[in-house]
Amino acid sequence: MLTIALPKGRIAKETLEKFEKAFDEEFVFEDRKLILEKAGFRFLNVRNQDVPTYVMHGAADLGVVGLDVLEEKEYDLIKLLDLQLGFCKVAFGLIKGQKLDMTKSKITVATKHEKIAKRYFEEKAMAVDIIKLYGSIELAPLVNLADCIVDIVETGATMKQNGLEVGPTIMESSAHLIANKNAYYAKKDKIFDLKEKLEAVIQWD
């Protein structure tokens with residue numbers, strides 16, 4: 001049996017739709033259950049940010065998670081396949097009409113993506129002060145807590161509704177199938193069989 005950690009919400013639903021096409025079976029979590037076992041798979045319904053942790057520690061053989069979460073966690077995991085869903089980007093959010101002033105001696109950034117933001121400024125040899133927030137990040141520039149924010153952007157509507165506009169993009173992201181290194185070698189045949197079936201579905205879509 002392969003155990004697969006899925007992020008709650010739309011990504012889990014869209015991933016299970018690909019499994020349904022690949023195996024001609026219905027895969028649906030009942031009510032509020034967190035485990036679904038069917039057709040040789042055990043799916044775990046977990047928080048998006050926790051998927052790499054379940055896979056890294058071997059509680060799951062595989063996982064589905066956005067590239068942005070992987071980059072932020074920096075875990076030693078194997079990226080198997082881009083599932084071509086959950087497209088978004090990590091980008092700056094700036095007060096409408098303002099631009100990112102790269103000439104400042106230090107820029108203050110509010111974000112949930114500390115490592116991604118820090119790497120961006122390190123590569124540009126710029127000083128940055130990162131303020132970690134867990135929600136309502138759009139508020140930070142409006143109340144002078146930060147010069148700008150770094151956040152996930154799908155349509156930009158949330159930023160726009162809060163007086164911000166989308167600035168430069170740091171990275172593009174989409175959901176990837178990932179594997180625990182030990183599981184990858186111990187269950188290589190099953191994992192490769194699954195990867196090939198999902199690749200066929202993606203090509204067909």
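The model is a predicted one, so to speak of local features takes a pLDDT of at least 70 and side-chain atom pairs count only at pLDDT 80 or more, while totals for chains, interfaces and linings use all residues. Residues are numbered from 1 along each chain as its sequence is written, and side-chain values use heavy atoms, with hydrogens and water left out.

Back to Ser173: its side chain also reaches the backbone nitrogen of Leu67, at 3.1 Å. Ser173 is buried, with a relative accessible area of 4% (buried means under 20%, exposed over 50%, partly exposed in between, with a 1.4 Å probe and protein chains only). Neighbours within four places in sequence aside, Ser173 is in contact with Gly66, Leu67, Asp68, Gly86, Phe87, Cys88 and Lys89, where contact means heavy atoms within 4.5 Å. Ser173 sits in strand E10, residues 164-173; strands (E, at least two residues) and helices (H or I, at least four) are DSSP runs numbered from the N terminus.

E10 belongs to an open sheet of 5 strands, in the order E8-E7-E9-E6-E10 and with mixed pairing; two strands pair if DSSP finds at least two bridges between them. Strand E8 (127-132) and E10 stand at the edges with a single partner strand each, so one side of each has no neighbour in the sheet. From one strand to the next the twist averages 30 degrees; axes are lines fitted to C-alpha atoms, for helices over the stretch in contact, and angles run from 0 to 180 degrees between N-to-C directions. Strand E7 (residues 106-111) pairs with E8 in the parallel sense over 6 bridges, and Val109 has Ile130 in E8 as its bridge partner. Helix H4 (residues 114-123) packs on this sheet, touching E6, E7, E8, E9 and E10, and its direction makes about 170 degrees with that of E8.

The other sheet is open too, with 6 strands in the order E2-E3-E1-E4-E11-E5 and mixed pairing. Its edges are E2 (35-38) and E5 (78-82), each with a single partner strand, so one side of each is left without a neighbour in the sheet. Neighbouring strands are turned by 25 degrees against each other on average, direction ignored. E5 runs antiparallel to E11 (residues 175-179), joined by 4 bridges, and Ile78 stands opposite Ala179 in E11. Helix H1 (residues 10-23) packs on the sheet against E1, E3, E4 and E11, at about 140 degrees to the direction of E1. Helix H8 (residues 188-204) touches E1, E3, E4, E5 and E11, and makes about 25 degrees with E5.

On its E4 side, E11 is again antiparallel, with 5 bridges; there Gly63 stands opposite Ile178. E11 is largely enclosed by the rest of the structure, because 5 of its 5 residues are buried. Ala175, Leu177 and Ala179 point one way from E11, and His176 and Ile178 the other way.

Key:
A polar contact is a pair of N or O atoms within 3.5 Å; within protein, one must be able to donate a hydrogen and the other to accept it, and residues adjacent in sequence count only if both atoms are side-chain atoms.
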